[in-house]
Amino acid sequence: MSGVYVELHAHSYYSLLDGVPSPEDLVQRAAEVDMPALALTDHDALYGAPRFDRAARQAGIKPIFGTEITLVNGGGHLSLLAENDTGYANLCRLITLARRDQQKGFAALPWRLLANHHDGLIALSGCRRSEIARALLDRNPTKAQHAAERFASIFGRGNFFLEMQSHYERGDRRLNTGLAELGQRLKIPLVATGNVHYLDPDDAPLHDVLTCIRHRVSLTQANGLLRSNSEYGFRSPRDVAALYAEWPDALRATLDIAERCHARLPLGPQSLPTLPTPGGTPPIVYLRQLCQIALNQHGDLRRPRAEYQAALDHELRIIEEQGLTDYFLIVHDLVRFARSQNILCQGRGSAANSLVAYLLGITPIDPLSIGLVFERFLSAERATAPDIDIDFVAGTARETVIQHLYQKYGHDHTAMACTVVTFGAKQAVRDVGMALGFSTETIDRVSDSLDVQSSADLSASSSLRSTFGAQLDAPRWQQWLTLASTLQGYPRHLGIHSGGFVISGSPLIDQIPVEPATMMERFVTQWDKDALEMVGWVKLDVLGLRMLAAISDACDLIEQQTGQRPDLNALRFDDKRVFDMICRGETVAVFQVESRAQASLIPRFQPRSFADLTVEIALIRPGPVQANMVQPYLRRRSGEERVTYLHPLLKPALEETHGVILFQEQVLKVARDLAGFTPGEGELLRRALSYKHADQQIELFREKFIVGAQSKGVTKKIAELAFNQLKAFGGYSFSKAHSAAFAVITYWSAWLRCYHPIAFFVGILRHQPMGFYPKHVVISDAQRVSVKFLPVDLRYSQSEVSVEGQAIRLSLSDVHGFGPEQIEIIEAERQRGPFRSLNDVVKRTSLDRPHVEALVLSGALDYLGERRQLLWDIAEAFRLAKRPRELKLISPDERAKLPRMDDTTRLSTTFAFTGTSLDGHLTELRRDAFTKAGATSINELGRLKHGQTVKIGGLIVARQHPPTAKGFAFLAMEDPGGMVNVVLSPDVYAASREALHGAFVLIEGVVQKDHGAINVIATTVNSL
């Protein structure tokens, strides 16, 4: 290999909180200084390997995969490089073994395991923290020699090198001389490395801060933890050559090692387990049989059968070519298992574009009937593998599915994908503030005042400026904000994906390192979903959806009460009563259409079909809102604006959305119909449009688009206008397949609310928190549609919300502080007999005093007496519980006689200890103040005129300050009459931040009426 020097020891920011540059930054610097190769050696990890590989190959640089492994018992660090694919597999195994049985985030590899997994690895002796370096620095050459001989015997003398580094640290010269002498004595070659932790000296302060964050200390407390200088940057080959002029062999060794290393990442799709098939039928044949049988059994196809057959043949051909036959069979098997256990599940996302997924029962959407495009999910042109997302009933049912995967495929072949948790604004501010020594109080105030999500936007935070003013301009504060803003997107620690499973036919740890997650019996791959996608690996998302759990519980209750279980799959999505209910705005707790944004949309939108629900769900998404698609669509839908198309060829693709590009699938159709793109090419265009930094790639598509359109008789001007529309809106569009899959659950939940409201609300309340609103709002809304509730009562309440007659009984778990342990005690004692007195409760349950007080204040013991009196009697009840039986009891006449708790206090204490109150709305607590202020009831707003000034008072039940809303904030306010949206401009929001921390507010503003939707545009906000 030509050149002077190759860096073989470099850390990216995937050496969590110990590296500054991204893998791409390292590659870019290597390219700038003409290095032909580069090694990435993050601590005990290959987190950044896929990004490093992609960047290196794009830059024409040879990627070398390695790690700086941590050894147990003071063994220090050892640098390992994968020479070949065997070495790469051993690298993965050693990292996995070093992480196993360790606390999350730590690694320690036993020495003996090196001997078992050394093939294909080149070992470098490591940094100053290595055993050999420390022995030489401690003037113990004998110990250093023993360690060196041990490594050389494990790896072989041609595969072990003594690692020289020079950072102008005290002892560097003596250390390197000692290494040279040791190498000469033992015939072990030298190699020079830079132990790179950042690119330039200017990055050293940020590295110091990261080090403090890692150790949870401030800079003033970091004695001995920080590096003594800023010499751990990325040096050019010329600078390194000058440093090691005395040891030219150490420089040549870097080139020789780089020449030897040719390990590759395991590209996907990975080998998958092959499931047994009837009679040993080849998997693709069996997959076709399953699909063909399902297709033949469908009697209500919406398109000609020949179209379905052609689509099926096309999809199966692509699936086979992409090596995904086993993947589809595995997913089908999992769904079949779940349904055999009566576990409600449903696929969603782009997989709903697939007819195969529909025929296998994975997704509920017939893609041909609603014009979906298979290539949005999978195509010959698409380099990345697809994922199939499946929602399962959240909770124990999902855990049953997860354990089935582990048992069926084995822990050696199954792990969950990790998530790399990165710094956002709040976390960066808090961690950097701690490192710089700011007080906890100041850090809390700054964090609480932030109105931005990204730390890169800290300088633009208006709320930060309004709260702290000129104080922000002080040098120390500027340093704080500057360092915090730099951390945007930096990895902080590893998390676990919400449901992503990686399954492999061959042992997983030979291909990707695996490490323990925080959850017991959970292991995660060191690659997150983006990294897995880069290398073409497929994963299966086993997701838990609370709404499915609520729906499942509701169906269980209906079956218990009626003997018949609702067949949700038989619903036709055309029930007038259901759509009437939605159009009246009775959508609290209805999946996807309960938010205040949806509440504002529904009066104007008036959905009347499944297609309408699909559009409605897609409209209220950040992309369509940010791209200003919503209002043009609504104006055209209502006839206020004429529907036009740039060219007649666009009408088939855009007619369903009145000429507005709303769905991702429409991008593919426009490119196909107007410019002759294949659907796969259209998907590549859509993906490019969704990337922030793909301008060059988009321009290549532009040229192809315009040429293709002209070949179909479209003028260049029209073609350019059409492409500009795609560029403006295509990147913000939403997946129609995803929206349609969600629309199924929307309709199911709406149907249950309409026809079985008691069962529906029981299901919803059993799975709180869920959705947009807290529990008390859900209960208030249910009461408004005549659902009756019964309070918590120690005699009748169960562990979960239950049905009692024609009413819903609140549960023991609704009582503040009550968990499974306390509820189990109560239920066991209740089986022995009812609780007849407070003394009986205290003595038989042995609950501690706070739990007994919670029972009293929640109203659960109201049948035993008045609350205030019971509170007074608690102390005596606990004394009696400990008193021998023969001692005299206090006469009832000796008890203090207390006045009854007034209604207002009862209401507030019930809410405080159950999260709701059935005796009245919380605004009753401030009724006099609202009346005195002249507040108008929310249900009276409909009588006011558009633009009329108004005062309203109520309870804030939801707050939103979306980053896409240009500084606007939104409240949902409730009083006994209902809810209303309140819109706060950036100025009003900034002036009202303190008032908005309270529960009750009085708002002055202007009534806004828009096609039946009513909002209040706030001008002032006052706390009560």
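Reader: Let's begin with helix α3: which of its residues are buried?

Author: Happy to start there, with a word on the model. It is a predicted one, where local features need pLDDT of at least 70, side-chain atom pairs count only at pLDDT 80 or more, and totals for chains, interfaces and linings use all residues. Residues are numbered from 1 along each chain as its sequence is written, and side-chain values use heavy atoms, with hydrogens and water left out. Helices (H or I, at least four residues) and strands (E, at least two) are DSSP runs numbered from the N terminus, and buried means under 20% relative accessible area, exposed over 50% and partly exposed in between, with a 1.4 Å probe and protein chains only; in α3 the buried residues are Gly 87, Tyr 88, Ala 89, Asn 90, Leu 91, Cys 92, Leu 94, Ile 95, Thr 96, Leu 97, Ala 98 and Arg 99.

Reader: What covers the buried residues of α3?

Author: This helix is mostly covered, with 12 of its 15 residues buried. Contact here means heavy atoms within 4.5 Å. The cover includes β2 (62-71), β3 (76-82), α4 (111-116), β4 (121-124), β11 (514-516) and β12 (523-528).

Reader: How far apart are the end C-alpha atoms of α3?

Author: The expected span of a helix is 1.5 Å times one less than its number of residues. For α3 (residues 85-99), that rule gives 21 Å, and the end C-alpha atoms agree with it, being 21 Å apart.

Reader: Moving on to α8, which helices do its buried residues pack against?

Author: Helix α8 covers residues 204-215 and reaches 17 Å from its first C-alpha to its last, close to the expected 16 Å. Its buried residues are Ala 204, Leu 206, His 207, Val 209, Leu 210, Thr 211, Cys 212 and Ile 213. Those residues pack against α16 (425-435) and α19 (475-486).

Reader: Which residue follows α8, with a positive phi?

Author: The phi value there is near 55°, and the residue following α8 is Arg 216.

Reader: How are α13 and α15 set relative to each other?

Author: Two packed helices are described by the angle between their axes and the distance between the axes. Axes are lines fitted to C-alpha atoms, for helices over the stretch in contact, with angles running from 0 to 180 degrees between N-to-C directions; those of α13 (residues 325-340) and α15 (residues 396-409) come within 11 Å and cross at roughly 130°. Angles under 35 degrees count as roughly parallel, over 145 as roughly antiparallel, 65 to 115 as roughly perpendicular and the rest as oblique. The relation of α13 to α15 is therefore oblique.

Reader: How do the residues in the contact of α13 with α15 divide?

Author: On the α13 side are Ile 330, Asp 333, Leu 334, Phe 337 and Ala 338, and on the α15 side Thr 400, Val 401, His 404, Leu 405, Lys 408 and Tyr 409. Ala, Val, Leu, Ile, Met, Phe, Trp, Tyr, Cys and Pro count as nonpolar, Asp, Glu, Lys and Arg as charged, and the others, Gly among them, as polar. The division is seven nonpolar, two polar and two charged.

Reader: At what angle do α36 and α38 pack?

Author: The contact joins Leu 838, Asn 839, Val 842 and Lys 843 in α36 to Leu 870, Asp 873, Ile 874, Ala 877, Phe 878, Leu 880 and Ala 881 in α38. Its residues divide into eight nonpolar, one polar and two charged. With their axes 9 Å apart, the two helices pack at about 45°.

Reader: Is Thr 914 buried or exposed?

Author: Thr 914 is found in helix α39 (residues 903-914). Beyond its neighbours within four places in sequence, Thr 914 is in contact with Lys 775, Val 792, Asp 814 and Ser 858. Its relative accessible area is 5%, so Thr 914 is buried.

Reader: Where does Pro 269 lie?

Author: The peptide bond from Gly 268 to Pro 269 is cis, with omega near 0°. Pro 269 is found in the loop between α10 (248-260) and α11 (283-297).

Reader: Last one: is Tyr 168 buried or exposed?

Author: Tyr 168 has a positive phi of about 60°, although it is not a glycine. Tyr 168 lies in the loop between β5 (160-164) and α7 (172-186). With a relative accessible area of 56%, Tyr 168 is exposed.
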